[in-house]
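Subject: Structure handover

Hello,

Here is the structure I said I would pass on. Please open it beside this email, and my notes follow below.

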Amino acid sequence: MSNRKTEITVSLVSTLAVLAYYLVNIFQMIQGGGLNSAEVFRLWAVVIIATIILNIAGNIITNIVINIVHAIKTQKGEEVRMLEDERDRLIGLKGDRVSYLAFSIGVFLSMLTFALGQPPLVMFSLIVLSSLIAEIFGDVSQFLFYNRGA
Amino acid sequence: MEKFKIRNNIRRLRFDRGEMTQEALAEKAGVTRQTIIAIESSKYSPSLELAFRIAQAFGVPLAEVFSYTPEHDQGNSS
């Protein structure tokens with residue numbers, strides 16, 4: 001597996017973990033008698049901060065591990081070339097486009113629930129959910145584009 | 001309209017240069033080894049600039065590395 005694919009996998013796993021945490025908490029709130037605004041706002045903050053921190057920490061740890069594995073394999077102290085070339089940029093842009101499309105559909109559906117009479121808290125909870133799902137779609141599509149060539 | 005495909009002779013050119021590694025070519029062209037693999041297997045068509053850099057790395061004209069031939073024509077692929 002290439003270094004970029006490893007980075008995407010780490011990002012995917014961390015986003016899936018945050019999504020699972022978010023869904024478990026939302027379902028617990030629903031089972032406990034509905035969404036409470038104070039708890040929901042706290043959950044959004046935790047989800048956004050966790051996504052950022054996990055992605056940054058994941059990237060740093062991945063790069064360290066890749067360098068260690070490279071050093072062991074080559075028996076040299078030289079660093080891995082963490083180069084981003086035109087193909088990486090193209091795949092990144094394509095992934096962003098998929099992510100943007102998924103998020104747009106999510107926002108549309110969230111607003112639809114509001115238009116159909118659901119409270120605004122449900123709409124914003126669905127927007128946060130769609131942002132996480134969009135991130136996952138973006139990562140998966142990037143992974144597939146790497147396998148396909150571009 | 002007839003369909004055309006970009007083909008390349010990178011595999012042959014590497015062989016002609018004493019089995020130059022993909023890593024060495026990638027370093028000369030300023031891209032990752034994965035990109036060279038994708039180009040060599042015709043999964044990715046490089047930009048014009050990268051195509052020139054690859055030709056420069058081999059020291060040959062662009063047309064010797066890449067060709068634009070009809071899809072059914074198998075003659076000039078690596």
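In which helix of chain B is B:A24 found? B:A24 sits in helix 2 of chain B. Please keep in mind that this is a predicted model.

Is B:A24 buried, exposed or partly exposed? A residue needs 20 or more other C-beta atoms within 10 Å to be buried, and 12 or fewer make it exposed. B:A24 has 15 C-beta neighbours inside 10 Å, so B:A24 counts as partly exposed. Ten residues away in sequence is B:R14, and the C-alpha atoms of B:A24 and B:R14 are 9.8 Å apart in space.

Next, the packing of helix 2 of chain B. Two packed helices are described by the angle between their axes and the distance between the axes. For helix 2 (residues 22-29) of chain B and helix 4 (residues 48-58) of chain B, the angle is about 120 degrees and the axes are 9 Å apart. Angles of 65 to 115 degrees would count as roughly perpendicular, and those over 145 as roughly antiparallel. Helix 2 of chain B and helix 4 of chain B are therefore oblique to each other. The crossing of helix 2 of chain B with helix 4 of chain B is right-handed. On the helix 2 side of chain B, the contact is made by B:L25, B:K28 and B:A29, while helix 4 of chain B brings B:L50, B:R53, B:I54 and B:A57. Sorted by class, this contact between helix 2 and helix 4 of chain B has five nonpolar residues, two charged ones and no polar ones.

Helix 3 of chain B comes next. Its buried residues are B:Q34, B:T35, B:I36, B:A38 and B:I39. These buried residues pack against strand 1 (4-8), helix 1 (10-16) and helix 2 of chain B, and also against helix 3 of chain A. Just after helix 3 of chain B, B:S42 has a positive phi of about 60 degrees.

How many residues of chain B are in contact with chain A? Nine residues of chain B touch eight residues of chain A. Helix 3 (residues 33-40) of chain B gives the most to the chain B side, with three residues. By class, that side has four nonpolar residues, four polar ones and one charged residue.

Last, the confidence for chain A. Chain A has an average pLDDT of 92, and 98% of its residues score at least 70.

Regards

Conventions. Residues are numbered from 1 along each chain as its sequence is written. Chains are lettered from A and ligands numbered from 1 in the order in which they are written. This is a predicted model: local features need pLDDT of at least 70, side-chain atom pairs count only at pLDDT 80 or more; totals for chains, interfaces and linings use all residues. Two residues are in contact if their C-beta atoms, placed from the backbone, lie within 7 Å. Helices (H or I, at least four residues) and strands (E, at least two) are DSSP runs, numbered from the N terminus. Ala, Val, Leu, Ile, Met, Phe, Trp, Tyr, Cys and Pro count as nonpolar, Asp, Glu, Lys and Arg as charged, and the others, Gly among them, as polar. Axes are lines fitted to C-alpha atoms, for helices over the stretch in contact, and angles run from 0 to 180 degrees between N-to-C directions. Angles under 35 degrees count as roughly parallel, over 145 as roughly antiparallel, 65 to 115 as roughly perpendicular and the rest as oblique. A crossing is left-handed if the near helix is turned anticlockwise from the far one by less than a right angle, and right-handed if clockwise. pLDDT is the predictor's confidence in each residue, from 0 to 100.
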